[in-house]
Amino acid sequence: MAGIWRAAAALVVMLGLGLSAAAQDSPPPEAGPASDFSTEGEEPPQPAPEPAEPEEPVRDPNIGSVTTLPLPRYVSLKTSEGNARRGPGLSHRIDWVFKRAGMPLRVTAEYENWRRVQDAEGAGGWVHYTLLSGVRSALVVAQMADLHSDPESGSPVVLHAEQGVIARIAECSKDWCRLNTEAGRGWVTKNALWGVDPDEVID
């Protein structure tokens with residue numbers, strides 16, 4: 001009987017050793033998804049996209065950045081003397097001095113309280129806006145301009161204006177302007193003037 005019990009015990013030991021070996025040969029269980037991702041079979045959340053930089057509006061080069069008035073445009077010199085500087089500020093040197101009150105000037109740029117202007121010959125620079133007026137004037141560039149009673153070439157000539165005369169513009173049609181001069185008033189063709197665009201109409 002003792003021999004039977006010894007054989008049974010040996011069989012139990014052998015079975016236990018076999019189970020341990022089988023357990024050691026089994027592959028480890030696969031790791032599950034990380035806790036900060038979604039459940040198995042779903043894609044992990046993607047990082048939020050960076051916010052896009054706001055686009056600056058494209059500025060129209062034909063509109064003044066300060067006044068929102070058209071560029072270029074014509075103005076006149078308010079005073080009898082005005083400094084035109086190389087840049088928009090008192091620290092910039094003076095390149096030109098305008099010395100005729102009422103002379104027409106062409107505004108080509110704006111920066112804060114400064115306007116870049118030029119005269120009929122292209123000379124100029126940056127002047128302070130307080131030196132400029134919105135009153136329209138014209139410079140006679142023809143050798144001699146005939147001022148008519150009406151905006152028609154066949155109408156009577158009421159006076160003559162020499163080259164260099166500055167006159168205030170009262171109104172302009174497509175081809176003619178009515179000027180107010182010290183000697184009187186009358187209509188003159190636009191091609192005899194500087195200070196108004198060819199097709200510009202002024203009421």
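A disulfide joins Cys 172 to Cys 177, with an S to S distance of 2.0 Å; a disulfide here is a pair of cysteine sulfur atoms within 2.5 Å. The structure is a predicted model, in which local features need pLDDT of at least 70 and side-chain atom pairs count only at pLDDT 80 or more, while totals for chains, interfaces and linings use all residues. Residues are numbered from 1 along each chain as its sequence is written, and side-chain values use heavy atoms, with hydrogens and water left out.

**Exercise 1. The disulfide**

Task: State how many disulfides the structure holds, and determine the handedness of the one between Cys 172 and Cys 177.

Solution. 
Step 1. The structure holds 1 disulfide.
Step 2. The torsion about the S-S bond of Cys 172 and Cys 177 is about 105 degrees, so this disulfide is right-handed.
Step 3. Both Cys 172 and Cys 177 are buried. Buried means under 20% relative accessible area, exposed means over 50%, and partly exposed lies in between (1.4 Å probe, protein chains only).

**Exercise 2. The surroundings of strand E12**

Task: Describe how strand E12 (residues 176-180) is enclosed, and identify the strands with which E12 pairs.

Solution. 
Step 1. Helices (H or I, at least four residues) and strands (E, at least two) are DSSP runs, numbered from the N terminus. Two strands pair if DSSP finds at least two bridges between them.
Step 2. Strand E11 (residues 166-172) pairs with E12 in the antiparallel sense over 4 bridges. A hairpin of 3 residues connects E11 to E12. Cys 177 in E12 is the bridge partner of Cys 172, and these two residues are also joined by the disulfide.
Step 3. On strand E13 (residues 185-189), E12 has an antiparallel partner joined to it by 5 bridges. Asn 180 stands opposite Arg 185 in E13. The hairpin formed by E12 and E13 has 4 residues between the strands, and Gly 184 in the turn has a positive phi of about 150 degrees.
Step 4. Because 4 of the 5 residues of E12 are buried, this strand is largely enclosed by the rest of the structure.

**Exercise 3. The nonpolar cores**

Task: For the largest nonpolar core, find which residues touch the most other members and which element gives the most residues.

Solution. 
Step 1. A nonpolar core is a set of buried Ala, Val, Leu, Ile, Met, Phe, Trp, Tyr and Cys residues joined through side-chain atoms within 4.5 Å. In soluble globular proteins, nonpolar side chains tend to be buried together.
Step 2. The largest nonpolar core has 16 residues, of which Ile 169, Leu 179, Val 188 and Leu 193 touch the most other members.
Step 3. Two or more residues of this core come from each of strand E8 (137-140), strand E9 (144-148), strand E10 (157-162), E11 and E12. E11 gives the most to this core, with 3 residues.
Step 4. Contact means heavy atoms within 4.5 Å. With neighbours within four places in sequence left aside, Leu 193 is in contact with Ala 138, Leu 139, Val 140, Val 141, Cys 177, Leu 179 and Val 188.
Step 5. Another core, of 12 residues, lies apart from the one above; among its members are Leu 71, Ala 84, Phe 98 and Met 103.

**Exercise 4. Salt bridges**

Solution. 
Step 1. A salt bridge is a side-chain nitrogen of Lys or Arg within 4 Å of a carboxyl oxygen of Asp or Glu. By this rule the count comes to 6 salt bridges.
Step 2. Between Arg 86 and Asp 95 there is a salt bridge whose closest N and O atoms are 3.0 Å apart. Asp 95 also meets Arg 93 in a salt bridge (3.2 Å, N to O).
Step 3. Elsewhere, Glu 171 forms a salt bridge with Arg 178, the closest N and O atoms being 3.1 Å apart. Glu 171 is partly exposed, with a relative accessible area of 27%.
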